[in-house]
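User: I am new to this structure and would like to learn how to read its features. Please take them one at a time, with the general idea before the case.

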Amino acid sequence: MNKIILLFIFCGSVFSQTLFQDDIVYPVRDSLEGLGGWNRSGLNSPYNVKIVAPGLSFPGYSGTGTGNTLLFTNNPDGDIVLHSFPTQTEGNVYLACMIRVDSLGTNATQGYNICFDAAGSSTNLNTQLYIQKSTSNTFKFGIRKRGSVAYTSSVYNISTTYLAVMKYSFIAGADNDSAKLFIFSSSIPSNEPVSPAAFSVSGTDNVNIGEVAVTNLYSQGTALNLSNIKIDGIRISTSWINLGLTGIEQTSSTVPSGYYLGQNFPNPFNPVTNIYFSIPEAQNVRIVIMNMLGEEITELINNDLAAGTFKLSYNAENLSSGVYLYRIETAKFTDSRKMLLIK
């Protein structure tokens, strides 16, 4: 696949691809440990990474409103839980997630709840998504490669769900790998922005990245002491497009023999369905939803895509029941099919 997201990892990968995703589709529970391949590292602290309902939502993000969410109460030396994915040693690694700060502790300063880790048994945490308290109701996001933290110039509000995307780039040379942070509050761009919200090259480079870690203030002292923070919809990829930021995912990088627009599935649907298509060469692809009069209702994507096969997730929660058309447009191919929404 072309996995930023999030938020954004395969060893020596030639094609970009999705490496890991978790929508926290686990039951409400006191600890994430042992679920879905997540394993605790370090001491068995009584302060767990918890699972609570409901899940977080963010417009246009593929992980929105699915399952439950992780809750970090940020008691000092709480648990750290990790999940592995194919080890990455080159290119870009993106991690995307929804994040909401519900409260900031009276003595909170700065700290993190999610980051990357080196592959294997050794702990080498890096590319942390930081939160720095400004007031009791506001904060800044930050990113730390392995040295100092780079913070956003913008200030953000508690009780608001944001989409955060971190990008680690392996760059030839010594200690010049970069870590970038993108923060979105209402909508998601189809393509990676030129300017990140925060950027850092501080610290030594990573030999590899092969795990994602979520931590309830493990080995951070009182950094975010007694702050309640939620994280949901974790995506890791080697490209922006496969983070599910616009609901599109490349399911195969094998070059198809021709163009194809498949029937959406499920169909009938309520309210989410998937649209499948293939293109034999890199080009701009536009897909729109239309009513039966041929009037355009919404544009789903208008992206430059590599050759391959794709799945596009579409949520029609704002439409009424009925028959609709979806249409693909490229420089060399157009086609349309019907879909049935039943609510």
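User: Is Cys115 buried or exposed?

Analyst: Burial is read from relative accessible area, and under 20% counts as buried. This is a predicted model, and in it Cys115 has a relative accessible area of 0%. Cys115 is therefore buried, since 0% is under 20%.

User: What is the relative accessibility of Cys97?

Analyst: Cys97 has 0% relative accessibility, so Cys97 counts as buried too.

User: How many disulfides are there?

Analyst: The test is a distance: two cysteine sulfur atoms must lie within 2.5 Å. By this rule there are zero disulfides. For Cys97, the nearest cysteine sulfur belongs to Cys115 and is 11 Å away, so Cys97 is in no disulfide.

User: How do strands of a sheet pair?

Analyst: They pair through backbone hydrogen bonds, either parallel or antiparallel. Here, an open sheet of four strands runs in the order E2-E5-E16-E8, and the pairing is antiparallel.

User: Which strands are the edge strands?

Analyst: Strand E2 (39-41) and strand E8 (114-117) are the edge strands, as each pairs on one side only. From one strand to the next, the twist averages 40 degrees.

User: How many bridges join strand E5 and strand E16?

Analyst: Strand E5, residues 80-88, and strand E16, residues 209-215, pair over six bridges in the antiparallel sense. As one case, Ile80 has Thr215 in E16 as its bridge partner.

How values were computed: Residues numbered from 1 in each chain as written. Predicted model: local features only at pLDDT ≥ 70, side-chain atom pairs only at ≥ 80, totals over all residues. Heavy atoms only, no water. Pairing = 2+ DSSP bridges. Helix = DSSP H or I, 4+ residues; strand = E, 2+ residues; numbered from the N terminus. Axes fitted to C-alpha atoms, helices over the stretch in contact; angles between N-to-C directions. Buried < 20%, exposed > 50% of the residue type's maximum accessible area, 1.4 Å probe, protein only.
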